[in-house]
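I opened my notebook to record what I looked up in this structure. The entries follow in the order I made them.

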Amino acid sequence: MIAIAPPLRLRLDSAALVANWRWLAAQGGAAACGAAIKADGYGLGACAVMARLAAAGCRDFFVATWAEAAALMPLPQGVSLSVLHGIGPDDMVAARLLPARPVLNSVEQVQRWREAGEGQPCDVMVDTGMNRLGLRVEEALGGALDGLAIDTLLSHLASADEDSEQNARQLAAFRALRARVRARRYSLANSAGICLGVDYAFDLTRPGIALYGGTPREEARGHIRQVAYPEARVLQLREVRVGESVGYGATWRAARDTRVAIANMGYADGYLRCHAGSGGATWHGRALPLIGRVSMDLTAFDASRAEGLREGDWLAIDYDLPTLAIGTGLSQYELLTGLGPRFGRFMC
Ligand SMILES: *Cc1c(COP(=O)(O)O)cnc(C)c1O
């Protein structure tokens, strides 16, 4: 096999990742601070994220599926891993073999776990109003969990990124649960939930997006640092004459002679067409606005101000998540998890 360098780079700032985790941990007061690393660490690379955060003191990690759990083996020393989707009909082999806890999500899953006779600690998700995953409160209080060795009892906030009255309602429901269902620990807050205040932190918080540079609520602005920096390469520089157009549909037309850089990144890499109108890149501090439509593997940038730029040079793609979310209409989550496999991920 010959080693071929990846055509695109996703530079990951591990110091920013750790700083974000520390800030989130501090907001939770005495609560431990875990990390959601599902979807390959929100697209950044779950293994590298887990290694960095574990070295910083993080002990509790969450993935969605058993395949994601298996890809993380062997776990760093002293680390606990939970699988949010729980145990479906085909998951018992993995659940038995892997050192990870299922988050049991339904009476049926609880039954499956009991029948397997594991007796090992599990986690349990109770739904307090989102109606996504979890036992209903009545089920949890009605005996479905009796005798189960519950490590962490979880619930998930539906509207924590908004000033919604649903937050207080879910908090009250979770407090009532905590009073009546025995578990070693209780956990409610995601990134946005952490920003709602220490009342929401309980024993363990589970941030995801804010670790990776997302700003879930105003309270986090100025505290959360960008982690992911995509970089694309200039394949070609061309002089577009006044009046000529660029790209599919000829949506951009040159108002004057313009130097245009064609970069090797497109919507197949998760850089979607909705970046048109607001996207851009920089090269040595010079701004290169995106022009025309984004293609599958190519994007054009106005390089008029980037004197000295050459074919083969790397462009830093603008990727401040809150800004991009406004410009594109995509969520900060989609902006990260959509970045594709042609990006080589580099932690530095
Ligand atoms: C994804 C997820 C989180 C993390 O949420 P963020 O909004 O990314 O902080 C926490 N808990 C559960 C159950 C999740 O599914």
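**Entry 1: the whole chain**

I began with burial: 52% of the 348 residues in the protein chain are buried. The model is a predicted one. I then looked up the secondary structure and found 11 helices and 20 strands in the protein chain. Next came the extent. The C-alpha trace spans about 75 × 50 × 35 Å along its principal axes. Among contacts between residues at least 6 apart in sequence, 64% join residues at least 24 apart.

**Entry 2: aromatic rings**

How many aromatic pairs are there? The count comes to four aromatic pairs. I took Phe-174 and Tyr-186 to begin with. Their rings form an edge-to-face pair, with 6.4 Å centre to centre and 75° between the planes. The angle is over 60 degrees, so the label edge-to-face applies. Where do the two residues lie? Phe-174 is in helix α8 (residues 165-180) and Tyr-186 is in strand β10 (residues 185-187), so this pair ties together parts that are 12 residues apart in sequence.

I looked up burial for both. Phe-174 has 0% relative accessibility and counts as buried. Tyr-186 has 9% and counts as buried. The cut-off for buried is under 20%, so both values fall within it.

Phe-174 has another entry, with Phe-202. These two form an edge-to-face aromatic pair, at 4.9 Å centre to centre and 85° between the planes. Phe-202 sits in the loop between α9 (191-195) and β11 (204-205), while Phe-174 is in helix α8, so the pair ties together parts that are 28 residues apart in sequence. Phe-174 and Phe-202 are both buried.

I noted one aromatic cluster, formed by Tyr-42, Tyr-212 and Tyr-333.

**Entry 3: arginines over rings**

Which ring does Arg-9 lie over? Arg-9 lies over the face of Trp-314, at 3.8 Å from the ring centre. Arg-11 lies over the face of Tyr-229, at 4.7 Å from the ring centre.

I stayed with Tyr-229. It is found in strand β12 (residues 228-240). Is Tyr-229 buried or partly exposed? Its relative accessible area is 25%, and Tyr-229 is partly exposed. Leaving out residues up to four places away in sequence, Tyr-229 touches Arg-9, Leu-10, Arg-11 and Asp-13. I checked one of these by distance. Tyr-229 and Leu-10 are 219 residues apart along the chain, and their C-alpha atoms are separated by 5.5 Å.

**Entry 4: the largest pocket**

I asked how much space lies in the largest pocket. The value is about 800 Å³. There are 38 residues lining this pocket, and the closest to its centre are Lys-38, Arg-132, His-156, Asn-190 and Tyr-333. Tyr-333 is also in the aromatic cluster with Tyr-42 and Tyr-212. Which elements supply at least two residues of the lining each? They are α2 (38-42), β7 (122-127), α9 and α11 (332-337). By type, the lining divides into 18 nonpolar, 11 polar and nine charged residues.

**Entry 5: Leu-141**

Last, I looked up Leu-141, which lies in helix α7 (residues 137-141). Leu-141 has 30% relative accessibility and counts as partly exposed. Setting aside residues up to four places away in sequence, Leu-141 touches Leu-177, Arg-180 and Val-181. I also looked up Leu-298. The C-alpha atoms of Leu-141 and Leu-298 are separated by 55 Å, and the two residues are 157 apart along the chain.

How values were computed: Residues numbered from 1 in each chain as written. Predicted model: local features only at pLDDT ≥ 70, side-chain atom pairs only at ≥ 80, totals over all residues. Heavy atoms only, no water. Phe/Tyr/Trp six-rings, centres within 6.5 Å; stacked < 30°, edge-to-face > 60°. Helix = DSSP H or I, 4+ residues; strand = E, 2+ residues; numbered from the N terminus. Buried < 20%, exposed > 50% of the residue type's maximum accessible area, 1.4 Å probe, protein only. Lys NZ or Arg CZ within 6 Å of the ring centre and 35° of its normal. 1 Å grid on protein atoms, 1.4 Å probe; cavity = no way out; pocket = protein on both sides within 12 Å on 5 of 7 lines; lining within 4 Å. Points joined across faces, edges and corners; volume = space filled by probe spheres on them. Nonpolar A, V, L, I, M, F, W, Y, C, P; charged D, E, K, R; others polar. Contact = heavy atoms within 4.5 Å.
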